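Hi,

Here is the structure I promised to pass on.

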Amino acid sequence: MMLGLTQNQTAQATPPSSQTRSKPTQSLAIVVNRSNPIDNLSYRELRKIFLGERNHWPNGHRIAVAMLDYGQPERETVLRLIYRLDENGYQDRLLRGMFLGDVLVAPKTLASPLILRKFVFNAPGAIGYLRASDVDDSVKVIRIDGMLPDNKDYKLQIDERSSE
Amino acid sequence: MATQTDLTARQIVSAYVQTSKAFLARKLSRHIWTILLLLVLCGEAGVGLFVMRDLARSYATVEKMYNGSVQGLLRFGDLEYEAQETRRRTLYALTTNDGNLQVDYADQSRKADRGVTQGIIQYLAQAHTPRESELGHRLQSDWSAYLKVRDDVLGLILEGSPKEAVQLDLSVGVPEFDRVRQDLEDIKVTYSEQASQQLSAVAEFSRRSTTRLSASLLFGLLFGSVAVWAIQKSRMRGAVQLAKLQMDFVASVSHELRTPITAMLTAGENIRDGLVLGSESLFEHGSVITDQAGRLSELVDQVLLFAATSTARPSHLLRELRVDEVVADAIRSTKGLLEKAGATIDVKIESGLPPIVGDLSVLSQCLQNLIANAVKYSAGNRWVGIAARLNQEAREIEVSVQDHGIGIPASDLAHIFEPFYRSPQAVAAHIPGTGLGLSIAKRSAEALGGGLSVSTQIGVGSVFTVHLPFAHEALQGIRRQRVPELERQP
């Protein structure tokens, strides 16, 4: 299932090559509720969902984006690779979207990966992100552009330097 | 030699057993009320056991009630609380927009619902009746249905759709939860009914135990009182009888003593007063004195013997005896009497008779008394027959003393073994006697575990038979001894 994203956004979405990183990295898994029939998203569709441009899943459930709290490497990675914004830019965009009505439901900000995992487990329409090592059977990892986090060409890699 | 010693020991033990049996039989008849009282006490103890059994059943029922209904109600309380908590925590998530808190409430709700699910499984596992199973399965089904709604409500809350969550909860969640609540209420009623039934059972056990105990105590008290009264009365009667017996004894002995003493006194006075002249008359009076002194001596001997056989536990020197040895001793002791009376004696002792166990002097005295009686009541026919034979069927040796005398009237037969009893015919015929001979003979035989019987015919004579039992072991030994003898016989 492909959700439509703009060409411009697609151009900006290219992540840095894994070969340029000097430190060991870890993949960032995109997780959804186990009842969600979606198994694969394109990188473009993923951005659209996180940006609040798409509010419902094909099964009718409202999409609930789960974000980790400020300062965590996973959040930094998502802001950098999916939103392509820094923290201030994200906050500005969120406020503007809420004010203008473009964003119906603000992403849920959760304190820890554990809580985020539980949130995704409880909410059928939830989508969030976790380090691959934090994933368990209570949630479902979806493919991004057909790739799972253990794939060497997987785009969403956490840059540990961003949290230093 | 060793076998012979063992046999003797066995025979002695056997004789003691026989003696003890006779002693026990006398004691039993004397203490019948005491025995009955003991039996009543045993009965009381039996009732006590029944009561204890009822109490144990009551305890088991109470324990069952506690483990079943009471524990069930406690578990039910937990179940009800957890069910409420499941719903409550779900609704708490509605009260905040904080995702962390909402997840926390969702967690708490799930924890509570796991408690309920486990409780239902436990209830089903312990369900004993079809009604309980039906209720359990219904609750399980309704609880699953509610949980589906709860999951949807939680999802809507977390997804940021509180309005839809409330609508879903009100339209579907509330009715589903009401069904669960109704199921729980039905289970509660079932527990209450079971507890009530078990309580009734316990009350019934308690009532029954109380009734039994009361009846038993009442019966015991009444019967005990009656038994104590009867025992006292029996003892009193015994004491009166003993006193009467002692008085009779003293009176009889006094009477028996007075006759020879009077005769001796008269003869002595006549000699002293010079009324006796001539050697012939002096011889006559001297004979009166010696005869009466002899009679007096005999009487004293008989009284002493009677007193000895009257003791509760006469001491006997038990040993192995041959029947012919006993008979010979008795004949030897009565030789003077037999010669004086000019009586002929005919002895027939079966060959190969087994040895018996007893006291030679006692058995001999027993036979002596019977021989003396046979001589005294022979009515001119001075023949005395003594026979000894083995009665295999009765497992005893029978020694009989027979005479061809006057016989005993039927009216006297019931009294001849009573001490100091003398037949009116004997008294009328001036037959001397103390009335103790047969009594002593009977007691002597009984003291050794045997007995004394009589068969008589007026004008033909009487046969007194001493029955001397032998132990089984002795009989076996006797058989072993007799077989070679029989085989040797042509």
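D145(A) sits in the loop between β7 (143-144) and β8 (157-158) of chain A, and has a positive phi of about 55 degrees although it is not a glycine. Helices (H or I, at least four residues) and strands (E, at least two) are DSSP runs, numbered from the N terminus.

Before the rest, some housekeeping. This is a predicted model, in which local features need pLDDT of at least 70 and side-chain atom pairs count only at pLDDT 80 or more, while totals for chains, interfaces and linings use all residues. Residues are numbered from 1 along each chain as its sequence is written, chains are lettered from A and ligands numbered from 1 in the order in which they are written.

R84(A) is another non-glycine residue with a positive phi, of about 60 degrees. R84(A) belongs to the loop between α3 and α4 (87-100) of chain A, and is partly exposed, with 15 other C-beta atoms within 10 Å. For background, most residues other than glycine have a negative phi.

N36(A) is also in a loop, the one between β1 and β2 (40-41) of chain A, but N36(A) counts as buried because it has 22 C-beta neighbours inside 10 Å. Beyond its neighbours within four places in sequence, N36(A) is in contact with W57(A), P124(A) and K140(A); contact here means that the C-beta atoms, placed from the backbone, lie within 7 Å.

Now the cores. A nonpolar core is a set of buried Ala, Val, Leu, Ile, Met, Phe, Trp, Tyr and Cys residues joined through C-beta atoms within 7 Å. The largest has 46 residues, and A66(A), F119(A), V120(A) and A126(A) have the most contacts inside it. Setting aside residues up to four places away in sequence, V120(A) touches V31(A), V32(A), N33(A), A66(A), A126(A), G128(A) and V139(A).

How do the two chains meet? In all, 16 residues of chain A are in contact with 11 residues of chain B. On the chain A side, β4 (108-110) and α5 (113-122) each supply at least two residues, and α5(A) gives the most, with four. By class, that side has nine nonpolar, four polar and three charged residues (Ala, Val, Leu, Ile, Met, Phe, Trp, Tyr, Cys and Pro count as nonpolar, Asp, Glu, Lys and Arg as charged, and the others, Gly among them, as polar).

On to chain B, which has 13 helices and seven strands. Of its 490 residues, 28% count as buried. An open sheet of five strands runs in the order β2-β4-β5-β7-β6 (chain B), with mixed pairing; two strands pair if DSSP finds at least two bridges between them. The edge strands are β2 (344-349) and β6 (451-457) of chain B, and the twist averages 15 degrees from one strand to the next. β2(B) pairs with β4 (383-391) of chain B in the parallel sense over six bridges, and I349(B) has A388(B) as its bridge partner in β4(B).

Helix α7 (323-333) of chain B packs on this sheet, touching β2, β4 and β5 (396-403) of chain B, and its direction makes about 170 degrees with that of β2(B). Axes are lines fitted to C-alpha atoms, for helices over the stretch in contact, and angles run from 0 to 180 degrees between N-to-C directions. Helix α9 (360-376) of chain B packs on the sheet too, at about 25 degrees to β5(B).

How values were computed: Contact = placed C-beta atoms within 7 Å. Buried ≥ 20, exposed ≤ 12 C-beta atoms within 10 Å, placed from the backbone.
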